[in-house]
Amino acid sequence: MADKGGAYGSKAADTDFRKKWDKEVYAERAKRKDQEERERMQENEERMKQGKRPRKGQKDDIPKPTELMKQREAPLELDKNLGKTMVVQNLSGRGPGQPGFYCETCSKTYKDSVGYLDHINSRAHLRQLGQTTKVERSTLAQVQARIALLREKTKEAASAKAYDFDRRLAEVREKERALREQKKAERRAEKEKARLEMIITVEESSSEMTALMGFGGFGSTKK
């Protein structure tokens, strides 16, 4: 009796064509998903303590983080439009051009700087950037290099401060010298003025005395 073949040209009892499941891979996926869910629950607890709404589960289209949290290189400039009048160019109510702070990465607009700052520090924004909420742990060499850099900056600041002090001291001394010279010149001018006034007074007194004594001029008189 001939053996019956299966639909794929193999024996009916042969199940090699079926998909094989890697238990370790799926166990790792389940473990990672549970970890993300625990982190989300912890974040929701913190948000509820702050009076905020809890965050929903992660969407499937959010990319998985591939690197640790990085320090921002560009300033936020939260006060760059402070006291300015802006024209609303987007009347649809969505996207850029609205009053407030717009996040290009997440395509969201926030009415105040507090909400915008909370957003860019949130887990959802970091996930869009491909970053986690964990910070890279510094090595001993990095810490030593950072300390050396700070020491060098401190020395430069101290040297600059000492230079500024010497320059300031020289400026003060120069101002004091100029003030002394000015006072001396004023005293000399006052003495000269007093001397001239005394000479004029003596001459006027001599003229009056001569007139009272009846002395006239020493010129000749013609008859």
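The structure is a predicted model, in which local features require pLDDT of at least 70 and side-chain atom pairs count only at pLDDT 80 or more, whereas totals for chains, interfaces and linings use all residues. Residues are numbered from 1 along each chain as its sequence is written, and side-chain values use heavy atoms, with hydrogens and water left out.

Of the 223 residues, 9% count as buried, where buried denotes under 20% relative accessible area, exposed over 50% and partly exposed the range in between (1.4 Å probe, protein chains only). The chain exposes about 20500 Å², of which carbon and sulfur atoms supply 54%; accessible areas were computed by the Shrake-Rupley method with a 1.4 Å probe, and for residues only the protein chains shown count as cover. Among contacts (heavy atoms within 4.5 Å) with a separation of 6 or more, 41% involve residues 24 or more positions apart.

H119, located in α2, counts as buried because its relative accessibility is 6%. Its side chain forms a polar contact of 2.9 Å with that of Y110. A polar contact is a pair of N or O atoms within 3.5 Å; within protein, one must be able to donate a hydrogen and the other to accept it, and residues adjacent in sequence count only if both atoms are side-chain atoms. Not counting residues up to four places away in sequence, H119 touches C103, C106, K108, Y110 and H125.

Y116 has 15% relative accessibility and so counts as buried. A search of the whole structure finds 1 aromatic pair. The rings of F101 and Y116 have centres 5.5 Å apart and planes at 25°, so the pair is stacked. This pair links distant parts of the chain, with F101 in strand β2 and Y116 in helix α2, 15 residues apart. Rings of Phe, Tyr and Trp (its six-membered ring) pair if their centres lie within 6.5 Å; planes under 30 degrees apart count as stacked, over 60 as edge-to-face and the rest as tilted.

Technical notes. Helices (H or I, at least four residues) and strands (E, at least two) are DSSP runs, numbered from the N terminus.
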